[in-house]
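Welcome! Here is a short tour of a structure that may be new to you. Please take a look at it before reading on.

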Amino acid sequence: MPKTVECPPTYWFHHCRFLSVEKIENDASARRIAASERRLRYRRAYYIVDVSTPVDLAFGFYQEMRAFYSDVFELPLPPGHRFPGGKYRLLRQRVSELSRVLDIELLEAPAARTDELTLVHSSAYVQKVREGHLSEMEQRRIGFPWSRKMVQRCLRSCGGTVAAARVALEDGLAVHLAGGTHHAFTDAGQGFCVFNDVAVAARTLLKDGRVHRVAIIDCDVHQGNGTAAIFREDDRVFTFSMHGDRNFPFRKCDSDLDIPLPDGTGDAEYLETLQSALNHQLPIADCDCVFYLAGADPYVDDRLGRLSLTKQGLAARDQLVLRTCCQADVAAVIVMAGGYAPNLNDIADIHARTVAISASAHGGLLRSPEALL
Ligand SMILES: [Zn+2]
């Protein structure tokens, strides 16, 4: 008979259980047991552990991590446009493949509502975007030509982060396979960003009273100037940006904590700096929710990057951030942010790895084994 072992209350999911069995024949039999148990849960996680192996070798986690996508809403761009719009579809395909081995549930992003957008953006700006009254200059600053489809896409890519944020409070963690449009200000867009999805999602959770303090960990290679400006006077939101000093935007806005990095910064220096910030400078343990912008653009081959991280370095970065969130029992919302490598497969590799690491964190596999016992 399978044995059920309760987890300690400090664990990520407060009521999750371990389901131990004397002998597990293979993964398929484990999945059958999990499938029958799954009906019983939401906010319940089950592990299947062979009692003869250490807990860190647990091979199964059977609660799906929810991941939202918005790429099915086309972003019309003129031929030769430098924004790599195709990366999102490629990423969803990769994640769909990953979902055969990791339990990931893919969901279509809902559109952000006007009452959510106006928690951050001025009504006049939202109306201008919706109705196509952006000037030539405003469109140039954004970098996308206005179209009805472009509006629909931007509403979805903002709504996906809002939805992921709501889910993260239930499940502990959720992902949006887009988002991270951190150059959008209250009344203007910039640098491929129309609405500031993370800011809208953070304000939505705060308004609903579901969280009291939020941290934004922005590891995109470009400074999160819009986010910094939006929350400058808002003590409930701690903004952190670690970025290339000589990158766009050239006029930066002050976050609560900014770490500008010199050109060519590599894995070792980057990870050491990030670890130190996470350990000593970020109030993660005081927060109810963390938004993590896992930009793929610190990658060495990125066209707009200027830093020199490898794919392994970026994966180590994701692990560092998510392990910190897990250990602090803080809900985490992961968004993709930028990525401009000439080979779209490189961008998809990096983002897909982020999603896989998120699924591991969701499954508790990034947590140290001692914490499980
Ligand atoms: Zn970027």
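How many residues does the largest nonpolar core have? This is a predicted model, in which local features need pLDDT of at least 70, side-chain atom pairs count only at pLDDT 80 or more, and totals for chains, interfaces and linings use all residues. Residues are numbered from 1 along each chain as its sequence is written.

**The core**
- The largest nonpolar core has 101 residues; such a core is a set of buried Ala, Val, Leu, Ile, Met, Phe, Trp, Tyr and Cys residues joined through C-beta atoms within 7 Å.
- Cys 289, Val 290, Phe 291, Ala 332 and Val 333 have the most contacts inside this core.
- Helix α6 supplies the largest share of the core, 10 residues.
- Beyond its neighbours within four places in sequence, Val 290 is in contact (C-beta atoms, placed from the backbone, within 7 Å) with Ala 215, Ile 217, Ile 284, Cys 325, Val 330 and Ala 332.

**The chain**
- Of its 373 residues, 48% count as buried, meaning that 20 or more other C-beta atoms lie within 10 Å of a residue's own.
- The chain has 12 helices and 12 strands (DSSP runs: H or I of at least four residues for helices, E of at least two for strands, numbered from the N terminus).

**Two helices together**
- Helix α6 (residues 148-171) and helix α7 (residues 197-207) pack at about 40 degrees, with their axes 8 Å apart; axes are lines fitted to C-alpha atoms over the stretch in contact, and angles run from 0 to 180 degrees between N-to-C directions.
- Among the residues making the contact are Thr 161 of α6 and Val 200 of α7.

Definitions and conventions: Two residues are in contact if their C-beta atoms, placed from the backbone, lie within 7 Å. A residue is buried if 20 or more other C-beta atoms lie within 10 Å of its own, exposed if 12 or fewer, and partly exposed in between; C-beta atoms are placed from the backbone.
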